[in-house]
Amino acid sequence: MLTPKEITQCLNLARALDLITSSRTIGGVLYVYNSAGHAKSWDSFMAEYPLERLQAMVKKRT
C-alpha cells in the first residue's frame, strides 16, 4: 500500500508524463482520467504504472 506522499508523487509523475489529466474520488474510489476523458480506477492504473515504472519513464525522458 502506498503512503499519501507516494500517491501524490505518482499522480504528479503521471501528469508530467501526460498519462493522466485529472483525478477525482467517486464513492470513496479514486479515479484518474486520460486526455480522452476515459476513467480508470486508481488500483487499475497503479497495476499498470507502479511508482517505480513512472520514475523510470521520467528518467528516460531527461
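Asp18 is exposed, with a relative accessible area of 59%; exposed means over 50% relative accessible area, buried under 20% and partly exposed in between (1.4 Å probe, protein chains only). The model is predicted, so local features need pLDDT of at least 70 and side-chain atom pairs count only at pLDDT 80 or more, while totals for chains, interfaces and linings use all residues. Residues are numbered from 1 along each chain as its sequence is written, and side-chain values use heavy atoms, with hydrogens and water left out.

Asp18 sits in the loop between α1 and β1. Helices (H or I, at least four residues) and strands (E, at least two) are DSSP runs, numbered from the N terminus. Asp18 is not a glycine, yet its phi is positive, about 60°. This residue follows α1.

Contact is scored when heavy atoms lie within 4.5 Å. Leaving aside neighbours within four places in sequence, Ile20 is in contact with Leu11, Ala14, Arg15, Val32, Tyr33, Asn34 and Phe45. Ile20 and Met1 are 19 residues apart in sequence, and their C-alpha atoms are 21 Å apart in space.

Helix α1 covers residues 4-16. At 1.5 Å a residue, its 13 residues should span 18 Å, and its end C-alpha atoms are 18 Å apart, which agrees. The expected span is 1.5 Å times one less than the number of residues. The buried residues of α1 are Cys10, Leu11, Leu13 and Ala14. Seen down the helix axis, the buried residues fall within an arc of 165°, so they line one face of α1. The arc is that of the directions from the helix axis to the C-beta atoms. An α-helix has 3.6 residues a turn, so residues three or four places apart point the same way. The face of α1 turned away from the buried side carries the exposed residues Pro4 and Lys5. Cover for the buried residues of α1 includes β1 (22-26), β2 (29-33), α2 (42-48) and α3 (51-61).

Two packed helices are described by the angle between their axes and the distance between the axes. The axes of α1 and α3 come within 10 Å and cross at roughly 40°. Axes are lines fitted to C-alpha atoms, for helices over the stretch in contact, with angles from 0 to 180 degrees between N-to-C directions. α1 and α3 are therefore oblique to each other. Angles under 35 degrees count as roughly parallel, over 145 as roughly antiparallel, 65 to 115 as roughly perpendicular and the rest as oblique. The crossing of α1 past α3 is left-handed, a term for a near helix turned anticlockwise from the far one by less than a right angle, with clockwise being right-handed. On the α1 side, the contact is made by Glu6, Gln9, Cys10, Leu13, Ala14 and Ala16. On the α3 side, Leu51, Leu54, Gln55, Val58 and Arg61 take part.

Gln9 belongs to helix α1. Gln9 is partly exposed, with a relative accessible area of 32%. Residues up to four places away in sequence not counted, Gln9 touches Leu51 and Gln55. Gln9 and Gln55 are 46 residues apart in sequence and 9.4 Å apart in space, C-alpha to C-alpha. Asn12 also lies in α1. Asn12 is partly exposed, at a relative accessible area of 45%.

Lys40 is found in strand β3 (residues 39-41). At 30% relative accessibility, Lys40 counts as partly exposed. Lys40 touches Leu30, Tyr31, Val32, Phe45 and Glu48, not counting residues up to four places away in sequence. Lys40 and Pro4 are 36 residues apart in sequence and 19 Å apart in space, C-alpha to C-alpha.
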